[in-house]
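Below is a short note on the charged side-chain pairs. Please read the points alongside the model.

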Amino acid sequence: MRRKNMRNLCCSPKRSTTDSTSPSTSQFSSPSRFSFSPSRPSFSDSVMDRTLEMAEPMIMKWDPNTTTFAKVTSLFYENRREAKDFIKCVYNLQKAMHFHSTENSKSDKLVRAQSLMQIAVKRLQKEFYQILSMNKAHLDPESISTVSSRTSTVSSTSDFNVAEDDDRVIGGESISEVEDFSSVVMADLRLIAECMISSGYGKECVKIYKVIRKSIIDEAIYRLGVEKLSSTQVHKMDWEVLDLKIKDWLNAVNIAMKTLFNGERILCDHVFASNDAIRESCFTEISKDGAMILFSFPENLSKNSKNIKSPEKVFRLLDMYTTIVEHWPEIEAIFSSDSEYVIRSQALTSLVKLGESIRTALVEFETALQKESSKTPVAGGGVHHLTIDVMNYIILLADFSNVLSDILAEAPPPAKVSLPESYFGISDSNESPAPAISLRFAWLILILLCKLDSKAKHYKDVFLAYLFLANNLQYIVVKVRTSNLKYLLGENWIAKLEEKVKQFASNYERLGWSHVIESLPQEPSTAMAPHQVKGIFKRFNSSFAEAHRKHSICVVPDSKLRDDLKISIGRKILPVYREFYNKYRDAIVKERHSAHVIRFAPEDVAHRLSDLFFELIIESESSSSFEFSPSHTHHGCEEEDF
């Protein structure tokens with residue numbers, strides 16, 4: 001049986017297949033809606049007599065206006081077997097009325113049957129309301145979500161078969177043994193809803209359902225901390241207040257999609273399984289307001305907040321973007337009908353607006369990084385706080401690489417001339433383009449390296465400038481290797497940066513220690529005159545003491561780089577000096593003032609080298625806040641600087 005619209009579905013009585021061509025009517029409560037075509041009056045009267053004889057005592061017993069017992073007692077709570085019989089009486093009465101209406105539309109029996117039907121429907125309305133209102137604990141979305149699933153509750157059968165004796169559904173004794181009480185309540189609601197819809201009173205049933213279940217959704221959204229905010233309210237909010245609102249929203253979306261809307265979808269699908277149009281319309285009306293408040297918040301925030309697009313706030317935006325993306329399959333599944341398109345559209349709009357704000361925040365970060373121009377050198381050539389802050393920021397961004405890939409795919413990539421492939425090892429050609437997110441991270445780190453190159457020039461000692469570059473590049477390498485950046489930038493990129501670290505370390509060693517190395521003889525085993533030996537010892541004493549004094553302030557926070565430097569320096573000095581020392585020590589100590597000639601034993605040299613690079617490590621690793629909005633000019637760098 002097809003109905004043309006929602007009004008007919010909710011208001012028209014169920015017709016037999018033989019009456020499919022008769023016009024629909026919304027006047028469900030009037031007996032005049034039944035037509036009369038006299039034939040076989042005696043058989044029709046006998047059918048109606050038997051039906052009234054069986055239905056009238058049952059229906060009148062539960063007429064709320066007849067007895068106090070019927071007024072204060074619930075049929076389904078008092079005796080579920082009797083409730084089943086009551087439902088069967090209503091179906092039988094409906095069928096008899098349809099049959100009798102073709103015989104004698106003015107029959108007193110038909111009028112009486114119609115009156116009984118109205119009494120029965122009022123009883124069912126009362127039962128439907130009582131079950132919904134008194135069993136909120138058993139019908140909470142979380143309980144419902146565990147009882148069933150949407151796919152299992154939607155039934156293709158819309159008619160209630162009165163011939164079936166389905167004890168599993170309405171047999172109180174058996175169901176209490178095998179199913180949760182929530183299932184019992186849901187089954188009762190479905191029985192009543194199908195009976196009322198079939199009898200032409202679906203409108204009354206749906207109205208009760210909407211009022212009660214909509215209030216549950218609206219209250220739940222409010223209790224989750226999500227409220228409808230005007231643009232003015234959002235614009236005036238301080239960040240601390242907005243941050244709390246965002247945290248509440250993130251929690252609310254998880255609960256709403258996994259429990260609240262999911263549970264309500266399951267319940268609505270189950271109760272109104274017999275009618276697709278009613279089911280979809282009903283769920284849309286009870287969920288639309290709450291869902292729109294929930295999914296409009298990110299758009300409202302992105303459009304109207306005065307400070308949400310600053311670089312340090314981008315992670316909250318990314319959290320929100322990620323949450324919508326993760327729940328998108330549920331959004332599409334739960335709000336799947338055409339009438340719920342506005343909800344899906346709102347969620348998508350918020351996703352787009354969040355993406356735009358995230359791209360803006362990243363541009364702000366890049367601009368701030370380009371403008372940063374502090375000139376104070378880091379003591380001992382240690383790791384600059386800019387390196388620490390920028391890498392920490394980029395690493396956190398890399399944790400959102402999946403969603404950033406989508407967000408940055410719509411943003412213009414950095415100009416290819418700005419990304420020297422010879423340095424970064426990122427292949428980006430028309431035939432094999434690099435991912436937008438990889439290019440973006442490589443570009444941000446390139447800007448940082450340019451900044452470091454500029455800052456290295458503020459050191460008076462060139463060897464300290466190279467140590468500064470080695471330290472900072474090593475810090476970047478370690479951070480990349482121990483984060484998601486290693487997958488985005490690739491092994492080739494890391495290897496090239498490691499080569500740069502070695503090059504800078506070698507330059508530091510050459511410029512800082514060459515005069516010590518050159519003070520020793522190239523062939524220490526070659527025989528020398530005493531005055532030559534003394535001269536070598538004195539030159540070594542002087543150069544080593546001066547180098548140790550200068551380099552004692554140097555800092556190498558990374559243990560591997562620190563050990564590599566000390567080992568490399570030691571290998572160039574200690575073996576030669578030890579051999580020279582062992583060969584000529586005895587001859588020198590026999591002379592007067594030998595202590596002025598030989599100031600360092602090989603062990604002393606080893607100990608002093610071992611003690612290098614430890615001072616000020618804690619200070620060098622401390623991070624001061626990176627200002628994201630400096631007003632200084634941008635200092636760039638050329639590719640050959642590296």
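Predicted model: local features only at pLDDT ≥ 70, side-chain atom pairs only at ≥ 80, totals over all residues.

1. Residues are numbered from 1 along each chain as its sequence is written, and side-chain values use heavy atoms, with hydrogens and water left out.

2. A salt bridge here is a side-chain nitrogen of Lys or Arg within 4 Å of a carboxyl oxygen of Asp or Glu. The count by this rule is 32 salt bridges.

3. R213 and E264 form one of these, with the closest N and O atoms 2.5 Å apart. The pair links distant parts of the chain, 51 residues apart: R213 sits in helix α12 (residues 202-223) and E264 in helix α14 (residues 239-271). Helices are DSSP runs (H or I, at least four residues), numbered from the N terminus.

4. K353 pairs with E356, the closest N and O atoms being 3.9 Å apart. Both lie in helix α17 (residues 341-371), 3 residues apart, about one turn of the helix. K353 is partly exposed at 26%, and E356 is partly exposed at 35%.

5. D564 and K560 form a salt bridge at 3.1 Å between the closest N and O atoms. Helix α25 (residues 559-589) holds both, 4 residues apart. D564 is partly exposed at 37%, whereas K560 is exposed at 53%.

6. Salt bridges that share partners join R265, D269, D276, R279, E280 and E340 into one network.

Key
Helix = DSSP H or I, 4+ residues; strand = E, 2+ residues; numbered from the N terminus. Buried < 20%, exposed > 50% of the residue type's maximum accessible area, 1.4 Å probe, protein only.
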